[in-house]
Amino acid sequence: MAPRILITTDYLHAGDTVDQLLREHGLEPVYAPAQRPRTLEERNALFKGISGAILASEPVTADMLTGAASLQVIARSGVGYDSIDVKAASALGIRVCNAPGTNHHSVAELTIGLIIMTARRLVEVTTSVREGRWSRDAGQELRGSTLGIIGYGPSGRATASLGAAFGMTVLVSTSHPDPDNAAVQFTDLETVIGEADYLSLHTRAGHSTGKLIDAPRLQAMKPTAVLINTARGSLVDEEALAEALSARTIAGAALDVLESEPLTADSPLHGLDNALITSHLAGQTTQARTRAGLAAAHAVIDVLENREPAHPVDR
């Protein structure tokens, strides 16, 4: 019997390049995208009889892995793996991998797109035209403004390059600066937060319980500044952000990721006219999806064929 490979990523399907690759290696893809939140019974049975898994961003807890007797590898079809209990997986001998470098151009392009939307007030303008009005309020040029970036991995670097191309001053906070990049100024976190007109997050979630962007840091931002988050929903204190947006402590926020997705009915971000929220789309281009799906499939194949995967996150 062929080893079964669970696939929960909703854009992967039977007959595509990932499906064909897995079958060429004698594996049987099993598709189970989450159409709604899974019940406790469904979560606990998800990995039963499964040898490898290519997963979307849904949670994988220690309890879910306890009965996964045949599971050898979990591969994220994306970069973030905060939703996976890597420690519990490692304790059970289950490898965990991700797919870095597959969607950073897509993330950077959406980041700049969100900045342009907020700078030129495109949501308000298109809404007014749709409703029969003809709003012509002035927006802001990006040239001459300051783009603050926290995190300088692939998406942070790509965003910095695009920002510089628009004529923005680019400030970056990172523990891995690139002194050869003359287009970027590397500085400390608080300077980036305090001087940015557009503050864009491109870092991993920390290991502490605190939020990277909390009430004091929102207070430290310019009142004209906009927060952009295409990285991790867990980086931002959403209650504090909603209060800052309501009080106009900052001018706006553009969020592609949230603490809980989809946006919950009781979210404090509902109804705020200066909060632009998209549905976790930053890495969702056709090109990025192809690269990420294939990277995850290769990780599964490598582990099951006793090779070291290219991008393990468990070691």
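This is a predicted model: local features need pLDDT of at least 70, side-chain atom pairs count only at pLDDT 80 or more; totals for chains, interfaces and linings use all residues.
1. Two strands count as paired here when DSSP finds at least two bridges between them. Helices (H or I, at least four residues) and strands (E, at least two) are DSSP runs, numbered from the N terminus. With that in hand, look at L227, which stands opposite A253 in β11.

2. Residues are numbered from 1 along each chain as its sequence is written, and side-chain values use heavy atoms, with hydrogens and water left out.

3. Back to β11. A253 also has a partner in β12, namely A275. β11 and strand β12 (residues 275-277) pair in the parallel sense, over 3 bridges. Strand β11 (residues 252-255) is covered on both faces: G252 and A254 are buried on one side, A253 and L255 on the other. (Buried is under 20% relative accessible area, exposed is over 50%, partly exposed is in between, with a 1.4 Å probe and protein chains only.) As background, side chains in a regular strand alternate between the two faces of the sheet.

4. There is also an open sheet of 5 strands, with parallel pairing and the order β2-β1-β3-β4-β5. Its edges are β2 (28-31) and β5 (95-97), each of which pairs on one side only. Ignoring direction, neighbouring strands of this sheet are turned against each other by 20° on average. Inside the sheet, strand β3 (residues 52-55) and strand β4 (residues 73-76) share 4 bridges in the parallel sense, and A53 has I74 in β4 as its bridge partner.

5. Two helices lie across that sheet. Helix α1 (residues 17-24) lies across β1 (4-7), β2 and β3, at about 140° to β2. Helix α11 (residues 286-304) covers β1, β3, β4 and β5, at about 165° to β4. Axes are lines fitted to C-alpha atoms, for helices over the stretch in contact, with angles from 0 to 180 degrees between N-to-C directions; contact means heavy atoms within 4.5 Å.

6. Worth a look: Q72, in the loop between α3 (62-66) and β4. Q72 counts as partly exposed because its relative accessibility is 36%. Leaving aside residues up to four places away in sequence, Q72 touches S51, G93, I94, R95, V303 and L304. Q72 and I50 are 22 residues apart in sequence, and their C-alpha atoms are 8.4 Å apart in space.

7. Does the length of helix α5 (residues 104-119) agree or disagree with its residue count? It agrees: at 1.5 Å a residue, the 16 residues should span 22 Å, and the end C-alpha atoms are 22 Å apart. (The expected span is 1.5 Å times one less than the number of residues.) Buried residues of α5 include V107, T111, L114 and I115. Just after α5, R121 takes a positive phi of about 55°.

8. Now the charges. The structure holds 15 salt bridges, a salt bridge being a side-chain nitrogen of Lys or Arg within 4 Å of a carboxyl oxygen of Asp or Glu. One of them joins E42 and R36, at 2.8 Å from N to O. E42 is partly exposed at 32% relative accessibility, and R36 is partly exposed at 47%.

9. E190 forms a salt bridge with R217, with the closest N and O atoms 3.0 Å apart. This pair links distant parts of the chain: E190 is in helix α8 (residues 189-195) and R217 in helix α9 (residues 215-220), 27 residues apart. Relative accessibility is 41% for E190, which makes this residue partly exposed, and R217 is partly exposed at 22%.

10. R307 and D302 form a salt bridge as well, their closest N and O atoms being 3.0 Å apart. Which end is buried? D302 is, because its relative accessible area is 16%, whereas R307 is partly exposed at 39%. Lastly, R95, E308 and D314 are linked in a network of salt bridges; R95 is also among the residues that Q72 touches.
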